[in-house]
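Subject: Handover of a structure

Hello,

I am passing this structure on to you, with notes on what was found in it. Please keep it open while you read.

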Amino acid sequence: MRRLAWLPVVVGVIVGIVAGLYYAWVVNPVAYTQTAPASLRADFRLDYLALIAAAYAGDGDLPRARVRLALFADPNPADTLGALAQQRLAAGRPVSEVQALALLAGALGERPTPFAGGETPPPAVTAFPTRTPTPRPTALPTRTATATPGAPFTLSTSQPVCDPDLAPPRLMVEVRDRSGRAVPGVEILVVWDDGQSRFYTGLKPELGMGYADFTMEPGVAYTLQVSHSEEPIAGLVAEACSAPDGSDYPGSWRLTFVQP
Amino acid sequence: MALRVSIGLVIGLAVGLIYGWVLRPVKYVDTSPDTLRQDFRADYVLMTAQAFSADEDLEVARIRLAALGPRPPVEIVVEAIEYAVAEDFSQRDLETLNRLAVALRSAPSAGVDGP
């Protein structure tokens with residue numbers, strides 16, 4: 001009988017817990033209206049990254065872009081941006097968006113040790129600054145290598161490459177500025193008999209920010225032109241190479257463009 | 001009897017609320033930009049304005065601002081400008097934001113006003 005005396009309390013507790021959880025989870029849940037970019041849904045997060053790159057393309061402020069990217073705690077944002085550029089290029093997104101992503105990926109990839117040469121380091125982003133998101137550098141930042149407007153790229157070297165590990169054959173392009181630094185975000189047009197395509201340097205940061213490649217079809221002659229270059233390079237065909245076992249395989253091309 | 005049930009209810013309610021609000025609250029891991037904190041919202045608008053200053057594509061700017069909610073884009077930019085002024089953003093940032101606001105006011109809206 002004494003046990004039954006506690007039954008109403010137990011029933012009350014259970015009903016109360018259910019009611020409390022219903023109120024806390026359904027009727028009036030914790031409202032997250034003060035969220036940070038890191039909590040964004042994956043697609044919004046990618047759009048946010050693209051926006052950071054677009055803003056960087058507008059103002060060229062690399063320390064600020066670094067602070068914005070730091071909000072996502074990505075250990076290698078250059079690779080993330082490079083991969084995103086490739087995805088967006090494949091998805092047919094605007095060229096300006098792809099170039100902006102490649103440009104920022106290149107800027108980050110080429111300067112892995114930041115803040116040398118007089119730049120003021122951005123603050124650690126444990127909390128987002130309430131004022132201007134980043135302090136201005138005390139000295140003008142050294143911009144990542146970009147093509148000098150109007151200065152044409154010229155073909156420096158062009159050579160067939162016989163490497164059995166390079167399959168399928170590729171047009172491998174390297175673009176450098178006049179100081180020898182790799183230049184990301186450069187558009188390259190490739191034309192063949194019944195088609196054409198465009199690709200961009202900097203989309204494979206692991207191979208260098210001035211690097212780009214295009215897969216060749218054996219037997220097809222390609223004409224390649226780097227934007228801001230004076231002349232197209234014609235007659236690029238995957239030439240036959242001999243493997244050690246005597247078999248043939250199609251070879252690649254490596255072309256280097258520089259600003260004189 | 002009724003008193004015991006009431007005591008149980010109160011205890012249970014308290015436990016439920018503590019568990020639901022404190023120990024294991026609803027987690028919003030897939031949020032959208034319209035839930036961003038005000039400083040992040042202002043920076044989002046500033047980034048949109050900076051991108052606009054490079055590409056001058058007002059339609060893209062409108063699409064980006066639409067992620068911050070259903071309000072007219074110019075209102076969102078004005079709100080960001082007010083925040084920027086209050087928080088002492090740089091003159092350059094204010095000018096960038098203002099250019100976007102002017103462009104949005106000057107251009108016809110993208111089919112949201114109706115005939």
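A place to begin is A:A73, which counts as exposed because it has 9 C-beta neighbours inside 10 Å. A:A73 lies in the loop between α4 (62-70) and α5 (77-90) of chain A, and its phi is near 50°, a positive value in a residue other than glycine.

Two remarks on the source. This is a predicted model, in which local features need pLDDT of at least 70 and side-chain atom pairs count only at pLDDT 80 or more, while totals for chains, interfaces and linings use all residues. Residues are numbered from 1 along each chain as its sequence is written, and chains are lettered from A and ligands numbered from 1 in the order in which they are written. As for the element names, helices (H or I, at least four residues) and strands (E, at least two) are DSSP runs numbered from the N terminus.

Other backbone points

B:E56 has a positive phi as well, near 55°. B:E56 sits in the loop between α2 and α3 of chain B and is exposed, with 11 other C-beta atoms within 10 Å. In chain A, a cis peptide bond with omega of about 0° joins A:A167 and A:P168. A:P168 belongs to the loop between β1 (154-161) and β2 of chain A. These points are listed because most residues other than glycine have a negative phi, and most peptide bonds are trans.

Strand β2 of chain A

Which strands pair with β2(A)? Two strands count as paired if DSSP finds at least two bridges between them. β5(A) (residues 211-215) pairs with β2(A) in the antiparallel sense over 5 bridges, and A:V173 has A:A212 as its bridge partner there. β10(A) (residues 252-258) pairs with β2(A) in the parallel sense over 6 bridges, with A:V258 as the bridge partner of A:R176.

Chain B

Chain B has 5 helices and 0 strands. Of its 115 residues, 32% are buried. Two residues are in contact if their C-beta atoms, placed from the backbone, lie within 7 Å. Among the contacts in chain B between residues at least 6 apart in sequence, 63% join residues at least 24 apart.

Helix α4(B) has 14 residues, which at 1.5 Å a residue should span 20 Å; its end C-alpha atoms are 20 Å apart, which agrees. The expected span is 1.5 Å times one less than the number of residues. In α4(B), the buried residues are B:P73, B:I76, B:V77, B:A80, B:I81 and B:A84. Seen down the helix axis they fall within an arc of 140°, so they line one face of α4(B); the arc is that of the directions from the helix axis to the C-beta atoms. The face turned away from them carries the exposed residues B:E82, B:V85 and B:A86. After α4(B) comes B:D88, with a positive phi near 65°.

In α5(B) (residues 91-106), B:D93, B:T96, B:L97, B:L100 and B:L104 are buried. Their arc is within 95°, so they too line one face of their helix. They pack against α2 (38-55), α3 (58-66) and α4 (73-86) of chain B. The opposite face of α5(B) carries the exposed residues B:Q91, B:E95, B:V102, B:R105 and B:S106.

Where the chains meet

How many residues does each chain give to the contact? Chain A gives 43 and chain B gives 44. On the side of chain A, α2 (7-27) and α3 (42-59) are the elements that give two or more residues, and α2(A) gives the most, with 17. The residues on that side divide into 28 nonpolar, 11 polar and 4 charged. Nonpolar means Ala, Val, Leu, Ile, Met, Phe, Trp, Tyr, Cys and Pro, charged means Asp, Glu, Lys and Arg, and the others, Gly among them, are polar.

The largest nonpolar core has 71 residues, and those with the most contacts inside it are A:I52, A:A53, A:L101, A:L104 and B:V45. Such a core is a set of buried Ala, Val, Leu, Ile, Met, Phe, Trp, Tyr and Cys residues joined through C-beta atoms within 7 Å. Its largest share, 10 residues, comes from α3(A). Leaving aside neighbours within four places in sequence, A:I52 is in contact with A:A65, A:R68, A:L69 and B:M47.

Regards

Definitions and conventions. A residue is buried if 20 or more other C-beta atoms lie within 10 Å of its own, exposed if 12 or fewer, and partly exposed in between; C-beta atoms are placed from the backbone.
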